[in-house]
Amino acid sequence: MMPFFLYASFLAVSFAYDIPTQPLKKGLDGQFELVGNTLISAQQMFLGTTDKVYIVDKVENNPSRVKSHPAWAEEYTLSSNTHRAMDAITNTFCAGGNVLGNGTWLNVGGNQAVTYGGVQAETQIGGGPYDDPDGRKSMLDPCDNGHCDWTLSSFQADQRWYPTLETLEDGTMIIIGGCRWGGYVNDAQQNNPTYEFFPTRGKPVISPHLTRTLPTNLYPLTWLLPSGRLLLQSNWETILLDYKNGTETLLDAMPDAVRTYPASAGTVMLPLTPANNWTATILFCGGSNISTWQWTDPAFVIVGQRASQSCVNITPDVSPNYEHDDPLPEGRSMANFILLPDGTVFCTNGARTGTAGYGYNPWAVGMSYADDPHFTPLAYNASAAPGTRWSSQGFSSTKIPRMYHSSALLLPDGAVMIAGSNPNADYSVADLKYPTEYRMEFFYPAYYTHRRPQPRGIPSQLSYGGSSFTIAFTLDDLGGEITNIAKTKAVLIRPGFSTHSMNMGQRYVELESTYSTSDDNSAGFLRVSQVPPNPSIIAPGPALFFVVVNNIPSIGVQVMIGSGQLGTQKVLPVEPLPAPSLRNIGISI
Ligand SMILES: *[C@@H]1O[C@H](CO)[C@@H](O)[C@H](O)[C@H]1NC(C)=O
Ligand SMILES: *[C@@H]1O[C@H](CO)[C@@H](O)[C@H](O)[C@H]1NC(C)=O
Ligand SMILES: *[C@@H]1O[C@H](CO)[C@@H](O)[C@H](O)[C@H]1NC(C)=O
Ligand SMILES: *[C@@H]1O[C@H](CO)[C@@H](O)[C@H](O)[C@H]1NC(C)=O
Ligand SMILES: *[C@@H]1O[C@H](CO)[C@@H](O)[C@H](O)[C@H]1NC(C)=O
Ligand SMILES: [Cu+2]
């Protein structure tokens, strides 16, 4: 019942500490490491600065306290491996989030005030055991220096539980869908089949797609496309939304399985690269083949359903049709798909049977609607030949089930942070197969322990189009092999807001580049174009900049894409790049 709005903001271009040139941890390639405990269950996570991860839970009885009530948010500092409880003010249960073009993070929507066991509180204005008033919106400034906290915004969003947020090409936010009260799936009495904007552009707009796609249209799967339209996928339906005039265009029906929550497929926009002319292809894998009527059929045993193996992709600006992609080696619900700097998609978390969500149904495992967790991650390589894209080669397994309400996030050093799992109405640890999980792991991809390139010349702000810039590499940066400059790329990654098997806003954009070398072949130079001259390819706002030499990434540094302000972004003519050459013109370093 309580829609709300939390904000967080930071200046992407200021660094309060030296960026490391090598990884923070000594983990082993392909392995998980237990790095500590979160203070709260990590239902939602995002990287606020290169050194701070913000973690948000729902209101529940976490032993960590803040302002004499349980905490349900925290700030995790990567460099010191320390945690600080934060006061998230309102009930952030199943909220959505994303980052505005000026670097301010929003956390929008959530649940009404509750008391023990997730039961609705008598009063919505605070007090009670959890003191979680109906806040609707709050604002956080997660700066590296000083004390940063969540604060309430003065803007009132419409009531939304399970909304999706996507940043638009002018750095403003579209806030889509959700329901008013909550529950396992949506229904007509509480559906909120609308979208609205922040900053507000007036009353919410009705989406026919969201009225037709009950009951599995919570957290509608949404991506801003390079054409400026949005791909929206809910239940079995897919549309293009032109939010500028409200036009919806129907595309192919989703094959094989429901991909939205609670079927919760792994989903991701594949890397946008010069080779594909920054054309967006979206990949959907797993989920569950459950018919619309089965979701609410009391005789249908959700937890016994085998999750789907099906993978499909669509290139919506080019074709309305889904194509089958290499299937998952085993069915999976609640996979997290994380874009790594080497261009692969890392797949972790989830289970072989059942779905996301929790409840008291007799067939639930404890309160979990899923069972048979996956412990071994996978990697998907979109550039590999069909039939060979999935692999778990060289990956060890975790011992920790990551069920409903777990999350995953790329870190600047290229590790993946994995936390959460809590298919329970309230904090529960005793004698449960799937308790409230605080253990936090890092996964170290294949490149992790390699000596990382330490490039010089990465700007702190990038424009759409404009002049190219040069990044310099020593022979050591190039792995001792000068010709590796020809296997070097510059990439932007926005890790996104991780929750419910999605990373809202997650995106990978490779910049156009060309290369040259010093006369004596002791140094390499990558001449890099600015962001392509189209803010719909990657919306303005902060992102990580990596250079990747022969699949080994540098440590990511935070850059601001665009003006750092909301509003129409300036688009400049693209300076053409010279042809690549291994015999250069004599820049010296
Ligand atoms: C970003 O814009 C929003 C909306 O106008 C505003 O509330 C917020 O304070 C801005 N953040 C920064 C860092 O300027
Ligand atoms: C909506 O706007 C797009 C351009 O943004 C245009 O192509 C389309 O025809 C418009 N649709 C309607 C119904 O006006
Ligand atoms: C999905 O389930 C329906 C029956 O509910 C069945 O007809 C269909 O073949 C299934 N699809 C797949 C890909 O298993
Ligand atoms: C790449 O995309 C742009 C924008 O859609 C288009 O103008 C251009 O012709 C495309 N280039 C190629 C080589 O397809
Ligand atoms: C992905 O596959 C392509 C084509 O086989 C290969 O060149 C590239 O190195 C692979 N990426 C990684 C990270 O292994
Ligand atoms: Cu949830």
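Throughout this passage, a residue is called buried when its relative accessible area is under 20%, exposed when that area is over 50%, and partly exposed in between, as computed with a 1.4 Å probe on the protein chains only. The structure described is a predicted model, in which local features need a pLDDT of at least 70 and side-chain atom pairs count only at pLDDT 80 or more, whereas totals for chains, interfaces and linings use all residues. Residues are numbered from 1 along each chain as its sequence is written, chains are lettered from A and ligands numbered from 1 in the order in which they are written, and side-chain values use heavy atoms, with hydrogens and water left out. Helices (H or I, at least four residues) and strands (E, at least two) are DSSP runs, numbered from the N terminus.

Tyr 162 is located in the loop between β14 (151-152) and β15, and has a positive phi of about 65 degrees although it is not a glycine. A positive phi is likewise found at Asn 81, again not a glycine, with a value of about 55 degrees. Asn 81 belongs to the loop between β7 (73-77) and β8 (82-86) and, with a relative accessible area of 28%, is partly exposed. Cis peptide bonds are present in the model between Phe 198 and Pro 199, where omega is about -10 degrees, and from Tyr 261 to Pro 262, where omega is near -5 degrees. Pro 199 lies in the loop between β17 and β18, while Pro 262 is placed in the loop between β22 (247-250) and β23.

The metal site is considered next. The copper ion (ligand 6) is coordinated by Cys 94 through SG, Tyr 404 through OH, His 405 through NE2 and His 500 through NE2, at 2.0 to 2.2 Å; donors are N, O and S atoms within 2.8 Å of the metal (3.2 Å for Na, K and Ca), and since water is not among the atoms, sites may look incomplete. The arrangement is tetrahedral because the four donor atoms around the copper ion subtend angles of 98 to 132 degrees. Four donors count as tetrahedral if all angles lie between 85 and 135 degrees; four count as square planar and six as octahedral if opposite donors are over 155 degrees apart and all others between 65 and 115, and anything else is irregular. Along the chain, the donors follow the spacing C-x309-Y-H-x94-H. Distant parts of the chain are linked by the pair His 405, in the loop between β32 (390-391) and β33 (406-410), and His 500, in the loop between β40 (497-499) and β41 (502-504), which are 95 residues apart. His 405 is buried, at 3% relative accessibility, and His 500 is buried as well, with a relative accessible area of 5%.

Strand pairing, which requires that DSSP find at least two bridges between two strands, brings four strands into an open sheet in the order β15-β16-β17-β18, with antiparallel pairing. The edge strands of this sheet, each pairing on one side only, are β15 (164-167) and β18 (205-206). Within the sheet, strand β16 (residues 173-176) and strand β17 (residues 194-198) run antiparallel and are joined by four bridges, and Met 173 has Phe 198 in β17 as its bridge partner. Elsewhere, β23 pairs with strand β24 (residues 282-285) in the antiparallel sense over four bridges, and Val 268 stands opposite Leu 283 in β24. Both faces of strand β23 (residues 266-269) are covered, with Gly 266 and Val 268 buried on one side and Thr 267 and Met 269 buried on the other.

Polar contacts are pairs of N or O atoms within 3.5 Å; within protein, one atom must be able to donate a hydrogen and the other to accept it, and residues adjacent in sequence count only if both atoms are side-chain atoms. Asn 217, in the loop between α1 (208-212) and β19 (221-224), is buried, with a relative accessible area of 1%. The side chain of Asn 217 reaches the backbone oxygen of Leu 210 at 2.8 Å and makes a polar contact of 3.4 Å with the side chain of Thr 213.
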